[in-house]
Amino acid sequence: MEKREFVASLVAGGCAGMCVDLTLFPLDTIKTRLQSQQGFYKAGGFRGIYAGVPSAAVGSFPNAAAFFVTYEYTKSLLGAGGALAAPQVAPVTHMLAASLGEVVACLIRVPTEVVKQRTQACPSSTTYNMLLATLREEGVGGLYRGYCSTVIREIPFSLVQFPLWEYLKTLWSWRQGHTLYSWQSAVCGAFAGAVAAFVTTPLDVAKTRIMLAKAGSATASGNIPLVLYDVWRTRGLPGLFAGSVPRMAFISVGGFIFLGAYEKVRRTLL
């Protein structure tokens, strides 16, 4: 990957991430409260819908930038030669690149997500106070609680979203006979995001429960099958897909803005 491509991916990814996280933050708050163990209204309902936004603002640029730099670099590396350079195995390249991108991005995303979601579920507190409380009670490790569950949620999500996005772009481009415009790429991203969001909602529910659980509780240990079984036992199938509508709306509209903005900024810089 050339330096120019690296900078373009870094800036485009960061700008796209900030556009989505700040524009659609209220939907994310509603989703978090629907998935919380205490229930939607006890977690704040529609009050303080922007609780936790400073955490999202701080983390969104470096998080998205880290993902896209890793994604584009891995894609160019794997596509440079060998078996994975063949067009017919392009989806495998996209899957591997997206998975590695998520592992790296989660190192930044998880601490901001922990503070953000705890503030969303307790709107009477502030982002700064929640950060201090987490560090005081659990140390730095508390900021990374739910790292594994986040990666386990993000990798299947990316395995669905990015190969589907790349496939839809290739298909649409082939049918119209030229490279897609940024808005067309954004439409492909919205559809791919909605599909991936619905499929991975149960993993998102588990991730939210783990991050919001009290320190020392069984849920806080991060045992995903145990958390999912507990949700199934107490709330049934609707509990496993709690927040799926705002999550799909967030990621579908977010995918349109995120991937569309990414393509537009990247092309402008290149």
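Modeller: Contact here means heavy atoms within 4.5 Å. This is a predicted model, in which local features need pLDDT of at least 70 and side-chain atom pairs count only at pLDDT 80 or more, while totals for chains, interfaces and linings use all residues. Residues are numbered from 1 along each chain as its sequence is written, and side-chain values use heavy atoms, with hydrogens and water left out.

Thr-208 counts as buried because its relative accessibility is 0%, where buried means under 20% relative accessible area, exposed over 50%, and partly exposed in between, with a 1.4 Å probe and protein chains only. Apart from neighbours within four places in sequence, Thr-208 touches Lys-31, Thr-32, Gln-35 and Gln-117. With one of these, Gln-35, Thr-208 also makes a polar contact, side chain to side chain, at 2.6 Å; such a contact is a pair of N or O atoms within 3.5 Å, and within protein one must be able to donate a hydrogen and the other to accept it, residues adjacent in sequence counting only if both atoms are side-chain atoms.

As for the whole chain, the protein has 11 helices and zero strands, and 50% of its 270 residues count as buried. Among contacts with a separation of 6 or more, 77% are between residues 24 or more positions apart. The C-alpha trace spans about 55 × 35 × 35 Å along its principal axes.

How values were computed
Helix = DSSP H or I, 4+ residues; strand = E, 2+ residues; numbered from the N terminus.
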